[in-house]
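Look through the sequence and the structure before reading on.

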Amino acid sequence: MGADGENLEYLFELFYADLDIDLKREVVSSIGRHKQNDKVFDFLSSEAFKNHYMEVIYQMFRTALYKSKNDDRFLALKDKMLQFYKNEFMQKMNDYYNFRQSKKLKLTKKTEILKPTLLCGDNRQTLKKIKDRQIKLIFTSPPYYNAKIYSDYKSYDAYLLAMKESLKECFRVLDDGRFIIINVSPVITKRAGREFESIRYPIHFDFHKILTESGFYFIDEIIWIKPEFSVPNRIGGYIQSKKPLSYKPNCITESILVYRKNAPFLLDKNINEYDKELKNDDTIDSTNCWYISPKSDKNHPAVFPEELCEKVLKYYSFKGDVVCDPFAGSGTFGKVAKKMERIPVLCEQNKTYIANLKKGGYIEI
Ligand SMILES: C[S@@+](CC[C@H](N)C(=O)[O-])C[C@H]1O[C@@H](n2cnc3c(N)ncnc32)[C@H](O)[C@@H]1O
């Protein structure tokens, strides 16, 4: 559409016609491209706070954003829209626009971590030895509340608080726009007696909250599916009684939560920092269901299967990246990372596991 005044009047008329949402958004986009800022401003001021579909409002916001560079009236208008809507999508558009204008934010090209590294002690303290944004991927399986012998929290709230304190350090050491991937699943506490009900904790739901509060945003949930014979039997009671309400299915899945560190730029910027030739092989997992058998280990009660680490490293890091497991346990992730030519940074606080990790050729800092 042209940029003449007549055309603009026609677009205003079209906007008030009974259009479907996509067309209306297109009309707003065309209005936004006109150079007659007075008329465009009057239109936006009158329509941007009325009851339109949010997609149409986003288009109006986009116009206000782009015209704000040379016209303060639009700057005030876009701030007023941000205030009025308090909308996360508009906030993200605003952040991205500001980032593009300033071009100040640089990704961490040079790392000071050149060798596999071990941090011994509580990761809330030990991660402080790592400078900001040195890590390109975090993959971990934190303690599942009090499910295994190594964890001991006074309450579920205390557990979540401790996890959040660890995530704070994870956020700081992770580079902008990179992934943090957490393997968790619901756990149940043992009953204190037959008269008491046990509590089942949906840890993965609560991790969403603490991850987003820590500055990460949701990307995907990958479901790790195990063979049924490898998981505890919960269905036996129902099979015997066939009573409704007593149904407890065998749980053959765990969550692999994929989150990205907030960044005002698209993932392309992260990808483009690498050599163009650096690509994976042809084998892919095309769905979010990964079928992997669990692994048992005589030295640790909850180890990652190597295959799980391989997939995560393959899809979420490049060769040469510094990658971190802040709850390393037996160090499966570190072992696979080294094999796949990444540089692992492992944190562990348990003395027995540390003693084993030390045999793996890590530099202790
Ligand atoms: C679920 S296990 C991880 C197992 C690991 N994925 C593997 O393949 O062996 C969690 C580990 O985190 C350790 N841990 C718990 N809290 C920690 C903390 N605050 N700092 C460092 N390590 C911690 C525990 O000792 C335990 O070994």
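Which domains does the domain assignment give for the protein chain? There are two entries: domain 1 covers residues 5-102, and domain 2 is made of the segments 117-222 and 259-364. The model is a predicted one.

**The two domains**

Taken over C-alpha atoms, the centres of domain 1 and domain 2 are 41 Å apart. Contact between them involves four residues of domain 1 and five residues of domain 2. Together the two domains bury about 390 Å², and carbon and sulfur atoms carry 70% of that area. On the side of domain 1, the residues that lose the most area to domain 2 are Lys92, Tyr96 and Phe99, which together make up 92% of what that side buries. By class, the side of domain 1 that touches domain 2 has two nonpolar residues, two charged residues and no polar ones.

How many salt bridges are counted between domain 1 and domain 2? The count is zero.

**The ligand**

The ligand has 22 residues around it, and Asn123, Phe304, Ser330, Thr332 and Glu348 come nearest. By class, this shell divides into 10 nonpolar, 10 polar and two charged residues.

| Residue | Part of the residue | Distance to a ligand nitrogen atom |
|---|---|---|
| Asp122 | side chain | 3.0 Å |
| Asn123 | backbone | 2.8 Å |
| Gln349 | side chain | 3.4 Å |

How much of the ligand's area does the protein bury? Taken alone, the ligand exposes 610 Å², and the protein buries 97% of this.

In short, the interface of domain 1 and domain 2 has zero salt bridges, while a nitrogen atom of the ligand is 2.8 Å from a backbone N or O atom of Asn123.

Terms used
Residues numbered from 1 in each chain as written. Predicted model: local features only at pLDDT ≥ 70, side-chain atom pairs only at ≥ 80, totals over all residues. Heavy atoms only, no water. Near = heavy atom within 4 Å. Polar contact = N/O pair within 3.5 Å; in protein donor to acceptor, adjacent residues only side chain to side chain. Areas by Shrake-Rupley, 256 points an atom, 1.4 Å probe, with all protein chains shown as cover. Nonpolar A, V, L, I, M, F, W, Y, C, P; charged D, E, K, R; others polar. Domains from an automatic or database assignment. Contact = heavy atoms within 4.5 Å. Buried area = accessible area lost by both parts, 1.4 Å probe. Salt bridge = Lys/Arg side-chain N within 4 Å of Asp/Glu carboxyl O.
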